[in-house]
Amino acid sequence: MEATYPDAKRKTLLNWASQIWPFIREMRPGDLVALPLKQRPFIAFGRTTGGYRYRPDLPADAQHTRPVEWITEVPRSKLDQDLLYSLGAFMTVCRVQRNNAEERIRALLEGRTPVPPLVEQSDEEDATDESVEADLEEIARDQIRRYISARFKGHRLTDLVAAVLVAQGFKVRVAPEGPDGGVDILAGGGQLGFDQPRIAVQVKSGDAPVDIKEVRELQGAMKNFQASQGLFVSWGGFKSSVEKDAARLFFEIRLWGPDDLLREIMTHYEKLPDDLQAELPLKRIWALVPSSEGES
């Protein structure tokens, strides 16, 4: 590393080397792999099925590879906070072993009784979750997601979305609990809500990702309610079939996953009703962002 990058700082080189070496030399077939997804609040779990291979046929930023058989995706809300803390490390390659993490994750994936965390400290310092900085922003989002999942289940999430739309300047009508004809909220612009855009909103509070069939059902409901646009809010995110169709839907339907909803809540938080702010207490903080040179 020193020969290849003579101008880089030593701490940066140590950071890079501590990820490259285990990826090439230490990982073994059968090892569990955890990959936090960027677009949805899920962790993908798989097992390595082979050794390291250099693939010059792949794009320049993806030529160093290991084959992985992906097993399942688990909502972040299903994992304990200490596991999420370790999985939220800034390092791309990091061995997660604190608090008997591997045994607990295997129990989760195999549907066995959850294993309690055994709090212990590791003597190893290189490329483990003991020696890397966590992504504090992601940890904060996890805490807020857990809180919303617990406090705003079912129709309460619809009330929260409606409050955000009101804070954005819309007049809204929230459908009562029960059959809603495919629309949970109607939102319109103007003093009385008659102006454009007129939006039909569907809200799903479960952990399961929404598929394209459900989005198309919202399209049909939009016509029934004479809505010009639609908004689909899914706490469990969206399946790949929906993501692939997102460009075609761009001028007709907006898709809000949990992170989109969190962003809107944070943006308009001060305009939310006082009782809702009391039920969802949030505070802005400043945090130091680690530099790209690997320094804390």
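Reader: How many residues sit between strand 7 and strand 8 in the hairpin?
Author: Five residues lie between strand 7 and strand 8 in that hairpin, and Gly190 in the turn has a positive phi of about 85°. Helices (H or I, at least four residues) and strands (E, at least two residues) are DSSP runs, numbered from the N terminus. This is a predicted model, so local features need pLDDT of at least 70 and side-chain atom pairs count only at pLDDT 80 or more, while totals for chains, interfaces and linings use all residues. Residues are numbered from 1 along each chain as its sequence is written, and side-chain values use heavy atoms, leaving out hydrogens and water.

Reader: How many bridges join strand 7 to strand 8?
Author: Five bridges join strand 7 (residues 185-189) to strand 8 (residues 195-204), and the two strands run antiparallel. Two strands pair if DSSP finds at least two bridges between them.

Reader: Which residues of strand 8 are the bridge partners of Ala187 and Gly189?
Author: Ala187 has Ile199 as its bridge partner in strand 8. For Gly189 the partner is Asp195.

Reader: Is strand 7 mostly covered or mostly open?
Author: Strand 7 is mostly covered, with four of its five residues buried. Buried means under 20% relative accessible area, exposed means over 50%, and partly exposed is in between (1.4 Å probe, protein chains only).

Reader: What strand order does the open sheet have?
Author: The open sheet has five strands in the order 6-7-8-9-10, with mixed pairing. Its edge strands are strand 6 (171-174) and strand 10 (253-256), each of which pairs on one side only. From one strand to the next, the twist averages 20°. Axes are lines fitted to C-alpha atoms, for helices over the stretch in contact, and angles run from 0 to 180 degrees between N-to-C directions.

Reader: How do strand 6 and strand 7 run, parallel or antiparallel?
Author: Strand 6 and strand 7 run antiparallel, joined by four bridges. Lys171 stands opposite Gly188 in strand 7.

Reader: And strand 8 with strand 9, parallel or antiparallel?
Author: Strand 8 and strand 9 run parallel, with six bridges joining them. Lys204 has Ser234 in strand 9 as its bridge partner.

Reader: Where does helix 6 lie?
Author: Helix 6 (residues 212-224) lies across strand 8, strand 9 and strand 10, and runs at about 145° to strand 9.

Reader: Which strands does helix 5 touch?
Author: Helix 5 (residues 155-167) packs on the sheet and touches strand 6, strand 7, strand 8, strand 9 (229-234) and strand 10. Its direction makes about 170° with that of strand 6. Contact means heavy atoms within 4.5 Å.

Reader: What does Val201 touch?
Author: Not counting residues up to four places away in sequence, Val201 touches Val161, Leu165, Val183, Asp184, Ile185, Leu231 and Val233. Val201 lies in strand 8 and counts as buried at 0% relative accessibility.

Reader: New topic. How many aromatic pairs does a search of the whole structure find?
Author: The search finds four aromatic pairs. Rings of Phe, Tyr and Trp (its six-membered ring) pair if their centres lie within 6.5 Å; planes under 30 degrees apart count as stacked, over 60 as edge-to-face and the rest as tilted.

Reader: Why is the pair of Phe232 and Phe238 edge-to-face?
Author: The ring planes of Phe232 and Phe238 are at 80°, with the centres 6.0 Å apart, so the pair is edge-to-face. Phe232 is buried at 1% relative accessible area, and Phe238 is buried at 3%.

Reader: What about the rings of Phe250 and Phe251?
Author: That pair is edge-to-face too, because the planes are at 85°, and the centres are 5.1 Å apart. Phe250 is partly exposed at 43%, whereas Phe251 is exposed at 74%.

Reader: What is the mean pLDDT of the chain?
Author: The mean pLDDT is 87, and 91% of the residues reach 70 or more. Over residues 121-127 the pLDDT is below 50, and this stretch has 13 contacts in the model beyond near neighbours in sequence. pLDDT is the predictor's confidence in each residue, from 0 to 100.

Reader: Last one. How many helices and strands does the chain have?
Author: The chain has nine helices and 10 strands. Of its 296 residues, 37% are buried.
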